[in-house]
There are 2 protein chains.
Amino acid sequence: MGEFDLIARYFRRPVRHAALGIGDDCALLQPAADSQMAISSDMLVQGRHFFADTDPFKLGHKALAVNLSDLAACAAKPLAFTLALALPQADAAWLAPFSQGLLALADAHGCELIGGDTTQGPLNICITVFGEVPVVSGRSQALLRSGAQAGDHLYVSGTLGDARLALDALLGKVALPADVLEMARARLEMPTPRVALGLALRGVASAAIDISDGLLGDLGHVLECSGAGATVAADTATKLVAASAYGIRAGGQFGLKFSQQQWRALALAGGDDYELLFTAPPQQRAAVLAAAQSSQTPVTQIGQIDAEPGLRLLDGQGQPLPNSYAAFDHFA
Amino acid sequence: MGEFDLIARYFRRPVRHAALGIGDDCALLQPAADSQMAISSDMLVQGRHFFADTDPFKLGHKALAVNLSDLAACAAKPLAFTLALALPQADAAWLAPFSQGLLALADAHGCELIGGDTTQGPLNICITVFGEVPVVSGRSQALLRSGAQAGDHLYVSGTLGDARLALDALLGKVALPADVLEMARARLEMPTPRVALGLALRGVASAAIDISDGLLGDLGHVLECSGAGATVAADTATKLVAASAYGIRAGGQFGLKFSQQQWRALALAGGDDYELLFTAPPQQRAAVLAAAQSSQTPVTQIGQIDAEPGLRLLDGQGQPLPNSYAAFDHFA
């Protein structure tokens with residue numbers, strides 16, 4: 001199987017929205033009038049972002065999901081993506097399920113593959129995704145990290161920390177019962193990009209980011225970009241670790257006898273969550289809940305934005321907790 | 001040096017044209033009204049596209065140049081690009097010159113870095129580039145591979161085969177005198193994207209492609225997309241190997257005693273040329289020459305497009321030559 005066969009067999013399909021798809025020097029997109037193109041790029045490296053034996057269907061899903069998550073955080077509607085792929089060899093047993101997982105998620109979001117590159121090399125998946133954001137009366141509807149204001153409520157979608165729990169289990173650092181591992185592993189390997197929620201938050205949220213490096217690390221980016229501080233109810237966030245319910249329900253009989261500190265660390269600094277962390281003025285509370293409902297995405301308030309810089313963590317009794325949680329850094 | 005320091009130190013600069021650059025979940029581009037966005041992506045892998053000891057300044061140049069070359073082939077005006085970079089370690093001695101080479105070429109073309117990703121992993125450089133193509137009276141001005149018509153003249157810009165000659169020399173397959181190696185190596189390591197020529201060919205050329213896999217291989221894509229054939233004057237193309245002039249001038253005293261077949265192979269199937277191969281109707285001949293002059297880019301007619309499918313190679317006496325030249329394929 002040569003390079004062009006590989007593309008034709010696994011990745012080339014008729015384009016529906018793009019002016020021109022795979023097969024020329026460039027793809028062509030014609031954005032709607034009065035819109036901006038939102039662009040994000042993520043590179044996944046074997047041994048760094050995924051294990052060598054990761055199910056290729058799930059890997060195809062995740063490679064696009066982490067990119068769609070960036071569009072969601074900007075309230076951009078997915079349009080198209082490019083895929084650059086370095087492969088050790090052209091292996092049909094890997095390529096077929098990889099492309100199926102990738103294109104199934106793409107189809108679910110109406111986001112079409114319009115071009116890219118294939119080469120021989122250590123396995124590396126680089127996707128660049130394109131979304132559309134309307135510009136209304138000269139104002140972009142994109143949600144940025146920089147829009148948080150003192151007094152805004154701080155919300156997070158979905159659940160936190162389970163992806164990291166699965167990673168720790170796969171690395172042999174913790175033992176998990178089969179059903180907990182299965183649930184957590186689905187969060188690690190098949191994250192759900194919160195595209196519908198992001199779109200529903202246009203004109204409602206004041207700032208947003210997706211959680212990839214850990215809740216507090218990513219919150220730090222919002223605070224830095226917005227020139228603000230925040231207070232976070234650590235134990236409210238900690239209840240969002242789905243696996244923690246197993247420990248509570250079963251009184252620890254499943255071996256999930258983690259300390260409160262361990263659960264907190266998963267929720268606050270786990271990473272790989274691909275949930276939306278966002279802020280909205282208090283008067284938008286009903287609109288936030290309506291956005292959560294219309295997008296069928298759970299949303300929880302976990303704190304608020306303060307004028308005073310810095311991050312304040314409070315426990316369930318409102319007492320200050322030390323913040324010793326570090327965000328993930330590839331070169332730290 | 002952490003991931004965010006690395007980006008801030010080497011890659012983040014104030015944006016000039018984009019609505020939003022590096023530092024949020026997405027970058028934002030606002031295309032001009034009545035325009036299409038041309039998009040291309042190329043991935044460069046160490047050991048496959050470049051040697052481990054390649055000068056990082058030149059590598060930065062080349063990584064963007066090969067992408068700009070795709071925009072040139074579509075007659076798109078460069079706007080912006082994203083960079084996804086996997087690095088074994090955050091090494092300032094490599095990053096500083098790499099970013100300088102990259103951004104120097106970006107500045108020369110007014111093409112700004114608006115986002116991307118950095119991660120730890122085997123060295124891999126993935127650039128996605130964005131250009132603008134006007135749509136005039138509902139018709140895109142993009143040059144495509146599919147527009148060649150029987151009777152069109154076939155042209156190529158610049159020189160051919162010297163990049164491959166340098167590669168062969170660096171691999172120890174041929175010995176070159178120092179001045180020839182220096183010239184050829186510059187073609188391999190610092191290719192010139194023919195952006196100005198591509199823009200000047202809007203409304204003049206009927207089809208275009210950039211030569212990355214070798215002249216005949218890339219011509220094959222044009223013929224396939226256009227449903228046409230071609231006749232190529234092999235020895236006219238062969239004279240475009242700049243190094244061949246050294247052999248002729250010096251009577252072979254420099255050791256460039258290649259056979260005619262060897263020179264032909266360099267010109268017709270060398271690869272890594274990043275010249276434009278394009279077609280234009282005979283009545284556009286003066287306009288093609290004017291485009292070459294205005295863009296200060298040499299252009300040579302090397303053949304013509306035929307209604308009859310297939311590729312016919314002719315020697316200097318107009319006699320048929322066998323076509324045994326294979327295009328580069330990463331997985332063949």
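Analyst: Domain bounds come from an automatic or database domain assignment. Here chain A is divided into domain 1 (3-140) and domain 2 (145-320). This is a predicted model, in which local features need pLDDT of at least 70 and side-chain atom pairs count only at pLDDT 80 or more, while totals for chains, interfaces and linings use all residues. Residues are numbered from 1 along each chain as its sequence is written, with chains lettered from A and ligands numbered from 1 in the order in which they are written.

User: How many residues of domain 1 of chain A are in contact with domain 2 of chain A?

Analyst: Two residues are in contact if their C-beta atoms, placed from the backbone, lie within 7 Å. By that rule, 18 residues of domain 1 of chain A are in contact with 18 residues of domain 2 of chain A. Helix 2 of chain A gives the largest share of the domain 1 side, 11 residues; helices (H or I, at least four residues) and strands (E, at least two) are DSSP runs, numbered from the N terminus.

User: What does the contact between the chains look like?

Analyst: Contacts join 56 residues of chain B to 56 residues of chain A. On the chain B side, strand 2 of chain B supplies the largest share, 9 residues.

User: Which strand of chain A pairs with strand 2 of chain B?

Analyst: Two strands pair if DSSP finds at least two bridges between them. Strand 1 (residues 27-29) of chain A pairs with strand 2 of chain B in the antiparallel sense, over 3 bridges. Leu29(A) has Met37(B) as its bridge partner in that strand of chain B.
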